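Please look over the sequence and the model below before reading on.

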Amino acid sequence: MEQAGAQGSQPPAKKAAVEVTLRRFTLADVDAMMAWASDPEASAPCRWDPYTSTEPLLAYLRDAVLPHPWFRAICLAGGDGDDDRPVGAISVSPTEDGCRAELGYVLARAHWGKGVATAAVRRALETVFGEVEGLLRVEALVDVPNVASQRVLEKAGFTREAVLRRYCVLKGRVKDMVIHSFISTDTVIHD
């Protein structure tokens, strides 16, 4: 049996790039949001607990997501007629210091490991600095054991800055967090 890369063998076919779009949420997205908002694994690194019904999620969508200055649905373009259906969410939330904001994202488990989160982060970085006045720095805090999310950020061009020891309490547990940053003069990395 030939090994990959052996003389005369064909290199493995490169996986087609995922076409990700970002758009504002609407109230009609509540059912699609339940795919990840009700999943304990998808919501584990998030500040919120999994939703068990659409009523409180609809209230969150109406009261927090829609008025948020930069909260977008992550959608996949695939020509299957479902191009506008959200498979995740990404937000850039202002901090008290107007030049900084915090990035957050969540993705339905069915799309993990396929480049969707990285593509969404890249798209967000390509647009958010032009849309949020005075924004110079986007930060992302990731739980130390969440290596996959750290890799998403680094593949998009974020710089790992430090481990913030005993930084926050998340779902009742004290967490060490890795802080990553992307400043307005950085370059978004594309494969």
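The points that follow are grouped by topic, after a note on the model.

This is a predicted model, in which local features need pLDDT of at least 70 and side-chain atom pairs count only at pLDDT 80 or more, whereas totals for chains, interfaces and linings use all residues. Residues are numbered from 1 along each chain as its sequence is written, and side-chain values use heavy atoms, with hydrogens and water left out.

- Strand 2 covers residues 71-76, and because six of its six residues are buried, it is largely enclosed by the rest of the structure; buried means under 20% relative accessible area, with a 1.4 Å probe and protein chains only.
- Phe71, Ala73 and Cys75 are buried on one side of strand 2, and Arg72, Ile74 and Leu76 are buried on the other, which leaves both faces covered.
- Strands are DSSP runs of E with at least two residues, numbered from the N terminus.

**Pairing partners**

- Strand 1 (residues 20-24) pairs with strand 2 in the antiparallel sense over five bridges, where pairing requires that DSSP finds at least two bridges between two strands.
- Strand 3 (residues 86-94) also runs antiparallel to strand 2, and five bridges join them.
- Alanine 73 in strand 2 stands opposite arginine 23 and also opposite alanine 89 in strand 3.

**Cysteine 99**

- Cysteine 99 lies in the loop between strand 3 and strand 4 (100-107), and this residue is partly exposed, with a relative accessible area of 25%, partly exposed being the range between buried and exposed (over 50%).
- Cysteine 99 touches Gly134, Leu135, Leu136 and Arg137, not counting residues up to four places away in sequence, where contact means heavy atoms within 4.5 Å.
- The C-alpha atoms of cysteine 99 and leucine 136 are separated by 5.0 Å, although the two residues are 37 residues apart along the chain.

Methods:
Helices (H or I, at least four residues) and strands (E, at least two) are DSSP runs, numbered from the N terminus.
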